[in-house]
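Please examine the sequence and the structure before reading on.

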Amino acid sequence: MSKKVGFLQGNEAAAHGALYAGCKFFAGYPITPSTEVSEVLSIELPKVGGKFIQMEDEIGAMAALLGGALAGQKALTSTSGPGLSLKQELIGYGCIAEIPCVVYNVMRGGPSTGMPTGPSQSDVMCAKWGTHGDHATIALMPASVQETYDMIVRAFNLAEKYRMPVHVLPDEIVAHMRERIEFREPGELEVIDRTAPSVPPSEYKPYDTKFGDVPPLAAFGSGYKFHVTGLNKLPDGFPTTKAEYVQAEEERQIRKVTANIDEIVEFEEFKLEDAEICVVAYGSTSRSARYAVNEAREQGIKVGMFRIKTFWPFPDKQIKALAEKVKGFIVPEMNLGMCSLEVERCAQGKAQILGINRVDGEPINPEQIIEKIKEVK
Amino acid sequence: MAFDYEKYIRPGKLPHIWCPGCGHGIVMKGLIRAMDSLNLVKEETAIVSGIGCASRLPGYIDCCTLHTAHGRAAAFATGVKMAKPEMNVILVGGDGDGTAIGGNHFIHACRRNINMTYIILNNYIYGMTGGQFSPCTPTGHKASTTPYGNPDPGFDIAKLAIGAGASFVARGTAFHANQIDKLIAEAIQHKGFSVVEILDDCPTTYGRRNKYKSVIEMMNRLKEVAVPVKAAEKMTAEQLQGKVLTGVLHKVERPEYCEEYAKVIERAGGNK
């Protein structure tokens with residue numbers, strides 16, 4: 001049987017990927033350049049008995065998303081820069097209350113209204129540090145339309161497995177370009193559902209660590225009754241200010257990601273075997289970087305690319321290892337040096353770091369990268 | 001036989017956080033009596049709140065309870081109700097939480113007419129943060145941030161709810177304790193978005209700044225200003241000056257949101 005194929009935008013692929021993952025709930029608010037996700041899901045979700053709601057604002061959309069997720073649904077929202085800023089308090093709520101959901105944020109120019117139709121990669125720090133307080137973050141970076149589809153499925157898997165909000169951060173180029181994609185057959189990609197409680201309702205505690213760092217989550221309306229709050233809490237979900245509980249809970253919520261970092265962090269190494277220079281790239285910028293690496297190789301320069309697929313947690317171990325090997329990193333990105341900071345942190349002065357930074361709404365082209373590769377001493 | 005409140009109270013969660021003289025406990029008892037009169041199944045009932053003194057209420061009740069962020073109760077609850085329309089969804093919160101930071105979600109829940117009941121405990125003040133003025137603090141009154149008297153006009157929550165499209169709106173007071181359960185029960189039974197405003201007192205942060213000598217004086221004031229809607233029909237505008245109407249103020253039939261969305265699913269062919 002031939003595979004079902006399509007010629008889709010990244011945003012449309014995201015919507016179809018969500019359906020593949022079993023998403024039955026979408027809450028959003030219109031914002032350029034992510035609105036196609038809403039439009040496709042407003043058509044498709046009711047066809048499978050799912051629910052689509054357009055809320056009164058970005059904050060309301062995030063709140064409804066968390067409510068739907070607590071009632072047992074796999075839930076998605078889509079937004080862009082200003083919307084991501086508005087959603088931050090409740091992303092933190094999702095972190096502390098440990099509610100699985102996926103936040104698909106198309107990166108456009110900023111700050112504030114910025115350049116709504118221009119591409120950018122300047123929300124990577126906002127995804128990590130936008131909400132207050134200590135918390136773990138998972139953020140995925142697709143570089144193609146097919147990868148957007150597949151990464152949404154993976155984002156749902158990670159959200160459900162680790163009981164937390166997960167970000168998918170395409171830049172506007174990936175979100176709006178059209179490419180051929182294959183719709184995945186049932187069973188072709190892994191689909192993970194959250195672990196349901198194995199104990200009867202009378203014994204259930206929503207944050208019971210005897211089941212490990214990711215306690216099972218019951219759904220409202222499934223026979224289990226329990227309390228959920230944004231306050232620091234005890235294993236039974238009720239508020240506490242007891243120092244030993246608060247410290248242990250905060251550490252556990254970060255540990256559930258850090259202890260599984262090798263499983264969560266995905267990346268691509270391209271022509272790095274003998275490389276003396278490494279281009280660290282992500283999203284659409286990695287497409288220019290791949291072209292640049294091939295061109296530079298033809299000119300006899302030993303260069304490769306490390307493509308970030310999981311931006312958070314950052315691939316520290318891999319960049320640290322590369323820093324021992326290469327003499328320089330080139331970090332092209334559509335912001336004024338956000339990934340560069342992370343590469344600097346990991347490289348610890350062991351390699352030269354050159355950034356290529358554009359925030360003018362234009363993509364970084366291969367020529368710029370080749371030029372920079374030649375500057376490495 | 002005395003009513004058994006413990007049936008709906010979570011074991012081990014009392015005493016509550018509310019100050020002596022606060023009316024929130026009276027409203028909680030009314031809610032419990034209402035739930036009992038309707039035989040609400042605990043596992044099928046979600047109680048959702050925002051932030052503030054009143055928003056701590058759900059923690060004491062033995063149901064699916066969700067203590068959300070400041071102002072966001074109606075939006076979280078909308079998600080729960082959309083995902084599980086068969087659940088009873090009750091919202092609880094204060095006047096600042098519901099009509100200031102949560103005002104947008106409040107009016108849109110009214111507009112959608114989604115089948116939930118919102119109990120607003122209006123004590124005219126932000127109590128938990130120490131008594132700053134809320135959108136319901138009367139003009140001229142004192143709060144910790146209106147030391148020279150409040151220059152703002154206050155909201156009429158019931159009129160706001162009616163204007164925004166709520167299909168059931170009622171008002172009671174913490175003094176008229178025996179009416180609270182009846183108003184809440186009727187609101188829960190009503191199909192659509194129902195709002196029950198309960199005029200309440202905050203002796204700690206509001207009363208003492210506004211020359212109320214005691215809780216009894218604050219309760220007596222609630223008694224004096226309240227006029228049942230039926231009684232008001234026979235009163236002149238002059239007699240109604242400074243009074244507040246209580247009872248069921250508004251009740252209409254209007255399409256309910258989850259039922260309307262079920263039709264969307266049907267049109268899309270999703271119920272096969």
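The model is predicted: local features need pLDDT of at least 70, side-chain atom pairs count only at pLDDT 80 or more, and totals for chains, interfaces and linings use all residues. Residues are numbered from 1 along each chain as its sequence is written, while chains are lettered from A and ligands numbered from 1 in the order in which they are written.

Helices (H or I, at least four residues) and strands (E, at least two) are DSSP runs, numbered from the N terminus.

| Bond | Omega | Loop holding the proline |
|---|---|---|
| Thr32(A) to Pro33(A) | about 5° | between strand 2 (25-28) and helix 2 (35-47) of chain A |
| Gly110(A) to Pro111(A) | near 0° | between strand 5 (101-106) and helix 5 (124-129) of chain A |

In chain B, Asn39(B) is not a glycine, yet its phi is positive, near 50°. Asn39(B) lies in the loop between helix 1 and strand 1 (45-49). A residue is buried if 20 or more other C-beta atoms, placed from the backbone, lie within 10 Å of its own, exposed if 12 or fewer, and partly exposed in between. Asn39(B) is exposed because it has 6 C-beta neighbours inside 10 Å. Tyr124(B), also a non-glycine residue, has a positive phi of about 70° and belongs to the loop between strand 4 and strand 5 (125-126) of chain B. Tyr124(B) is buried, since 26 other C-beta atoms lie within 10 Å.

Helix 6 (residues 177-189) of chain B has buried residues that include Ile180(B), Asp181(B) and Leu183(B). Its buried residues pack (contact: C-beta atoms, placed from the backbone, within 7 Å) against helix 1 (24-37), strand 3 (88-94), strand 4 (117-122), strand 7 (168-173) and strand 8 (194-199) of chain B.

Notes:
Two residues are in contact if their C-beta atoms, placed from the backbone, lie within 7 Å.
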